Amino acid sequence: MKQFFPVLFAFALCASAQIGNIITVNVENDAVTRFLQEVTYTSSEDSSQVAAYNVAPPERRDIPQPAVIAIPDNDADSLLLTYAENADFSEGVHTKVIAKGTNEYELYNLIPQRVYYYMIEADGECVASGKIHTKGQVRMIYVPGANNIRDLGGWPTTDGRRIKYGKLFRGSELNGNHSVDSASLAILTEDLEIQAEIDMRATYNVGNGESAFGFKSNMWGNSSYPPYYYTRNSGQIPDHLQNKTYKLKWKREFDFIIQNFVKERNVYFHCVSGADRTGYFSLLLEGLLGVDYENMIKDYELTYFYNSYNKKEIIDTLYNYIMTLEGDTQQEKFNSFLVDSCNVAQANVDYFRRMMLEEYDLTDADADVNLDGAVDVADIGCIIDVMTGVGADPVSARNADVNLDGAVDVADIGSVIDVMATTARKIRDKTEYQEVTPYEEEN
């Protein structure tokens, strides 16, 4: 992330340029979207259906769809693409250098359900600007040389909220048998701002015990909370659920996340392929946050789009065991496993939920039908235009189905009104959430 005054100056120059380029993109690839929308799982009795969706196109189904941006004046010696989530480019600014002669630039790893603003500079002069309206739910991450990386955010919970994007990332190894170069690592550290790593590989895995990011190793009891934790293997089979060694490993992994959240660090956790060890831990975290059975299983099976192995039957055993534990609800049973079986502090579980959950309301990005940067009566007018077929412009026609139920009707007008009337959820300030003291593991 970069913040600098030249961007503001360049944006001011762009104000006189044509700001009419609007890109709408579902950042989920087509296979993922169809899998999420068409498949229903209610219990372990249901057979896996993911294999039917693991077919081309697209060629790779473990990466997202990019926003494709046309590049004018592409014969310039210097081409820069700058984008941010606010119209004045005052914060959260990212810049990409574009090769001379590029006709279209593919911008990957955008957060779903957002509006981004971008501008293109050729030899220091702004030659184009516009907006990118992202759709979808799952945020897969494209990193050249790596596979099966995705944000844990976006999944809805049973209490009407959803997991925040941009805090926890799951994936495969970045060194060892599958290594990436410095440019790929920069995507993770600069674009995604990853600052801590949990390495779940075993001692027999190539590359184990060494952070691809160069993060320093963990030392339990060290008050500085180093940003790298090597677990020396993590739980991945049913027997591990009742094994005290692996329960201690899950506890330490969870405590490591808490310690780094207090330091305001985003965390990347992985094994070799991002499948079993990573999948087990992901399901424990999602269950603790209140994600329902169907969506936990779907997240696990998304890995099948990379390795054609991870089907629900593998993870159902873990889920079924958790359901035998104390608790009236699914979430309480996962809480029981982490707190009672793994000895995680309840205060840290509560802290984790506060840091990871947000209200699952329609966002401004969803309800801004005409993409003018505001949610207001003009958007309602656009929906009416689409419903009546009178004066509807292409932008409104693409975005008028606000609630994504497949129809443009009065329900979408109601959704816009709901967004207009919704007040911002109170966010705990830094002082309040740091009152929770992270649990320190003994040496």
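**Buried charges and covered strands**

Modeller: Salt bridges come to 15 by the rule used here (a side-chain nitrogen of Lys or Arg within 4 Å of a carboxyl oxygen of Asp or Glu). Keep in mind that this is a predicted model, where local features need pLDDT of at least 70 and side-chain atom pairs count only at pLDDT 80 or more, while totals for chains, interfaces and linings use all residues. Residues are numbered from 1 along each chain as its sequence is written, and side-chain values use heavy atoms, with hydrogens and water left out.

Let's begin with Asp151 and Arg139, whose closest N and O atoms in their salt bridge are 2.9 Å apart. Asp151 sits in strand E9 (residues 149–151) and Arg139 in the loop between E7 and E8, so this pair ties together parts that are 12 residues apart in sequence. (Helices, H or I with at least four residues, and strands, E with at least two, are DSSP runs numbered from the N terminus.) Asp151 has a relative accessible area of 2%, so it is buried; Arg139 is buried too, at 6% relative accessibility. (Buried means under 20% relative accessible area, exposed over 50%, and partly exposed in between, with a 1.4 Å probe and protein chains only.)

Another salt bridge brings together the side chains of Arg170 and Asp299, at 3.1 Å from N to O. That one links distant parts of the chain: Arg170 belongs to strand E11 (residues 168–171) and Asp299 to helix H6 (residues 293–301), 129 residues apart. Both of these residues are buried.

Lys251 is buried at 2% relative accessibility, and Asp255 is buried at 0%. Going back to Arg170 and Asp299, salt bridges that share partners join them with Arg150 into one network.

E9 and E11 also turn up in an open sheet of 6 strands with mixed pairing, in the order E8-E9-E11-E14-E12-E13. Strand E8 (140–141) and strand E13 (228–230) stand at its edges with a single partner strand each, so one side of each has no neighbour in the sheet. (Two strands pair if DSSP finds at least two bridges between them.) E13 pairs with strand E12 (residues 194–199) in the parallel sense over 3 bridges, and there Ile198 stands opposite Tyr229.

Now for strand E6 (residues 115–122): 8 of its 8 residues are buried, so the rest of the structure largely encloses it. You can check that face by face: Val115, Tyr117, Met119 and Glu121 are buried on one side, and Tyr116, Tyr118, Ile120 and Ala122 on the other. One partner of E6 is strand E3 (residues 79–84), antiparallel over 6 bridges, with Tyr83 opposite Tyr118. Asp73 is in the loop between strand E2 (67–70) and E3, and it counts as partly exposed, at 45% relative accessibility.

E6 also pairs with strand E7 (residues 125–135), antiparallel over 8 bridges. Tyr117 stands opposite Lys131 in that pairing, and Ile120 has Ala128 as its bridge partner. The E6–E7 hairpin has 2 residues between the strands, and Asp123 takes a positive phi near 50° there.

E7 itself is mostly covered, with 9 of its 11 residues buried. It also runs parallel to strand E1 (residues 21–26), joined to it by 6 bridges; Asn21 stands opposite Gly130 there. Then compare sequence and space at Lys131: its C-alpha is 9.2 Å from that of Asp372, although the two are 241 residues apart along the chain. Asp372 lies in the loop between helix H11 (364–367) and helix H12 (377–388), and at 41% relative accessibility it counts as partly exposed.

Last stop is Val50, in the loop between helix H2 (30–38) and E2. It is buried, at 0% relative accessibility, and its C-alpha lies 6.9 Å from that of Phe35, 15 residues away along the chain.
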